[in-house]
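We will go from stop to stop.

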Amino acid sequence: MGFLRAFFLVFLTCILGSSTVRAETRGIQDEANRLVMKFEKAISRASIWPLALDAEKRPQVNKQAGALSVTLRSDLGVEGFHYTFRSWLVDLLYVKLPTMGKYMGIPISTLPGDTPNSNIEIWIGSPETIAEWLSHRHDDAIARRAVRNTACGVDIRDSTRSTKIVIRHDTSPAVMRHCTLAGILAAFGLPGLMSEAQTSLTEIKGEPVDTFNNDIRVLLRVLYDARMRNGMTVEQAVAQARNIVPGLLKLVDTEGYPALFQIRAAPNSAVR
């Protein structure tokens, strides 16, 4: 009798354990499907922003290569920003961006605003100041589009990997956060995360993009996986993402998001 009871308990444990594994596998696969759909959306629009050039609206894999530099220019000065945006911006530039770079496998640094030839330039100013900043670059048409009936815009030049993120300084702090992070992610190769062009100065259109969340961590890691190549079509990239995402989620499940880093601290480094 005792043998039968022990056998039954072992059998029941095996059944329950198998059910748990299947449930966990289904959970990972469901989450992977959701993230692949989000990845497809993120790369399916080369840009819907006012500054996109017609020749650069082809949806495809288009990611950065090599170390990146970011600069900020404002006619208000950093101290002129609303305190909620100012603290968020400092954290983004000096904490969040280097961390994003670890997921991408690319070092990212923030440099003084007057540093020439940075990869990503964030310009926050009045419509008049923005037009003045851009006019000496012979971008008068771009300047006019940037400041007419829109809160922000992004001009990505694929040939030089140079991106200008232009934001009117009379937008609300929430819209500024949305435009800044969505613009940076567009420069990284995920422009479709901004679901609608941001025309309102006070209300965010579509889903807010203002937090470096877990979805963005995974999407950046997928885009900058070695199996993703510049110039891939959306269909090719999505097929590859279906192979990549489940493995990443299993790694996260066992070791956490830092396990996805493609840049790690050197051995014996004080940084943990």
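Here is the tour, after a short note on the model.

This is a predicted model, in which local features need pLDDT of at least 70, side-chain atom pairs count only at pLDDT 80 or more, and totals for chains, interfaces and linings use all residues. Residues are numbered from 1 along each chain as its sequence is written, and side-chain values use heavy atoms, leaving out hydrogens and water.

**Stop 1: a loop.** Select Asn117. Asn117 lies in the loop between β2 (108-111) and β3 (120-125). Strands are DSSP runs of E, at least two residues; helices are runs of H or I, at least four; both are numbered from the N terminus. Asn117 is exposed, at 73% relative accessibility. Exposed means over 50% relative accessible area, buried under 20%, and partly exposed in between, using a 1.4 Å probe and protein chains only. Asn117 is not a glycine, yet its phi is positive, about 60°. Most residues other than glycine have a negative phi.

**Stop 2: helix α5.** Select Thr180, in α5 (residues 173-188). Is Thr180 buried or exposed? Thr180 is buried, with a relative accessible area of 0%. Leaving out residues up to four places away in sequence, Thr180 touches Phe85, Trp88, Leu89, Leu92, Ile122, Ile165 and Ile167. Contact here means heavy atoms within 4.5 Å.

**Stop 3: helix α6.** Select residues 214-223. Nine of the ten residues of α6 are buried, so this helix is largely enclosed by the rest of the structure. Among the buried ones are Asp215, Ile216 and Leu223.
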